[in-house]
Amino acid sequence: MAERAVERIGGDNLIIENLHYSYGGKLSIFEGLNLDVRPGEFLAVIGPSGCGKTTLLNLLSGFYSPERGSVRLRGKPIAPEDPNLGYVFQAATLFPWLSAIENVEFGLRMSGMPPKERRERAQRYFDLVGLSGFENYLVLRLSGGMQQRVSLARCLAMEPTLLLMDEPFGALDAITRESMNDELLRIWDELGQTVLFITHDIDEAVYLSDRIVVFSRPPGGIYKVVKNELPRPRSGPTTRTADLFWKYKKELIADIAMVTAQRPTDEAELAELKLSTEIERKAEKQASRDTEN
Ligand SMILES: Nc1ncnc2c1ncn2[C@@H]1O[C@H](COP(=O)(O)OP(=O)(O)OP(=O)(O)O)[C@@H](O)[C@H]1O
Ligand SMILES: [Mg+2]
């Protein structure tokens with residue numbers, strides 16, 4: 001079995017310090033965001049649509065660069081190709097021409113791992129997400145929930161210490177989502193990664209996390225951080241019916257209603273409008289160039 005990520009990371013936190021970011025220098029998303037995530041912590045992030053959750057993950061993964069401030073893991077900025085980093089996107093982005101297990105092997109193949117070793121590693125994570133028996137299925141023949149599992153296994157197989165998850169179960173029905181939540185907790189318990197988990201679902205945030213960060217509209221950043229004292233291990237029938245679960249849920253429903261009702265400032269609205277006009281203009285120019293060619 002793989003060494004637990006939390007032991008590999010040692011005592012280093014993921015540190016977000018004085019983070020500033022805007023799109024096109026105009027639409028300001030973060031103006032001095034600070035957040036410390038300890039190794040092996042499960043952090044859920046919720047907030048209204050457009051508040052900057054995906055932007056934050058893109059900054060954490062090094063796809064975007066901060067305008068000011070920094071994001072550091074073990075004291076260093078993170079690059080998208082960093083092997084410590086795993087990113088699970090909202091939609092399962094799998095290769096339809098490969099079998100399920102070949103999809104899980106893909107990143108390992110790219111990293112140059114020899115065939116026998118990579119098949120064994122892929123199989124281990126394939127089994128861990130409960131897919132044994134479906135190795136040779138083309139992904140199009142799997143259900144949405146199974147495809148999400150393949151996607152998760154592919155990410156886990158790289159054995160990242162930091163797992164960024166952007167509404168990974170958003171497209172699933174409630175029952176499949178709950179069983180994926182249990183699956184994820186079981187894997188996290190075994191492997192001990194640091195997890196940043198974005199969701200729109202308050203139940204999911206409360207069920208999974210050690211802390212819940214509520215974002216407000218940009219450039220507001222963090223509205224509130226809730227420490228989640230629900231005992232572990234968690235299980236559907238016990239955790240979801242606990243008084244504390246309902247207390248957090250009620251509190252977060254009120255918080256989300258509050259941040260959703262915040263009016264964007266006139267400047268933010270104006271900036272967004274200007275930016276989208278610029279993007280449209282560029283797209284139009286490109287389209288007319290394409291027609292000419
Ligand atoms: N590439 C981009 N260029 C310009 N503006 C962008 C870009 N990506 C996102 N935005 C804007 O930045 C803001 C934050 O977007 P982001 O995708 O981070 O929100 P989110 O919190 O993930 O929303 P959702 O919950 O809907 O996924 C939005 O106003 C969005 O329109
Ligand atoms: Mg998003």
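These exercises, each with a worked solution, concern a predicted model. Local features need pLDDT of at least 70, side-chain atom pairs count only at pLDDT 80 or more, and totals for chains, interfaces and linings use all residues. Residues are numbered from 1 along each chain as its sequence is written, while chains are lettered from A and ligands numbered from 1 in the order in which they are written.

**Exercise 1. Overall form**

Task: State how many helices and strands the protein has, and test its radius of gyration against the globule rule.

Solution. Start with the elements. The protein has 10 helices and nine strands. Both are DSSP runs numbered from the N terminus: H or I and at least four residues for helices, E and at least two for strands. Next, take the extent. The C-alpha trace spans about 65 × 55 × 40 Å along its principal axes. Now apply the rule, which is 2.2 Å times the number of residues to the power 0.38, with the radius taken over C-alpha atoms. For 293 residues, a compact globule would have a radius of gyration near 19 Å; the protein has 20 Å, so the two agree.

**Exercise 2. The shell around ligand 1**

Task: Find which residues come nearest to ligand 1, and which element supplies the largest share of its shell.

Solution. Then sort by element. At least two shell residues come from each of β2 (27–37), α2 (53–60) and α10 (266–292). The largest share is that of α2, with three residues. Last, sort by class. Ala, Val, Leu, Ile, Met, Phe, Trp, Tyr, Cys and Pro count as nonpolar, Asp, Glu, Lys and Arg as charged, and the others, Gly among them, as polar. The shell has five nonpolar, six polar and two charged residues.

**Exercise 3. Helix α4 against α5**

Task: Describe how α4 and α5 pack, and which residues meet.

Solution. Geometry comes before contacts. Axes are lines fitted to C-alpha atoms, for helices over the stretch in contact, and angles run from 0 to 180 degrees between N-to-C directions. The axes of α4 (residues 115–128) and α5 (residues 144–157) lie 9 Å apart, at an angle of about 135°. Angles under 35 degrees count as roughly parallel, over 145 as roughly antiparallel, 65 to 115 as roughly perpendicular and the rest as oblique. The pair α4 and α5 is therefore oblique. Now the residues, in contact if their C-beta atoms, placed from the backbone, lie within 7 Å. Arg121, Ala122, Tyr125, Phe126 and Leu128 of α4 meet Ala153, Leu156 and Ala157 of α5. By class, this contact has seven nonpolar, no polar and one charged residues.

**Exercise 4. Helix α3 and its two partners**

Task: Decide whether α3 is oblique or roughly parallel to α4, then to α5.

Solution. Take α4 to begin. Helix α3 (residues 100–110) packs on α4 at about 130°, with the axes 9 Å apart. The two are therefore oblique. From α3, the contact includes Ile101, Val104 and Glu105; from α4, it includes Arg118, Arg119 and Arg121. Its residues divide into six nonpolar, one polar and five charged.

Turn to α5. The axes of α3 and α5 come within 8 Å and cross at roughly 30°. That makes the pair roughly parallel. Ala100, Asn103, Val104, Phe106, Gly107 and Leu108 of α3 touch Val150, Ala153, Arg154 and Ala157 of α5. Seven of these residues are nonpolar, two polar and one charged.

**Exercise 5. Backbone details**

Technical notes. Near = placed C-beta within 6 Å. Contact = placed C-beta atoms within 7 Å.
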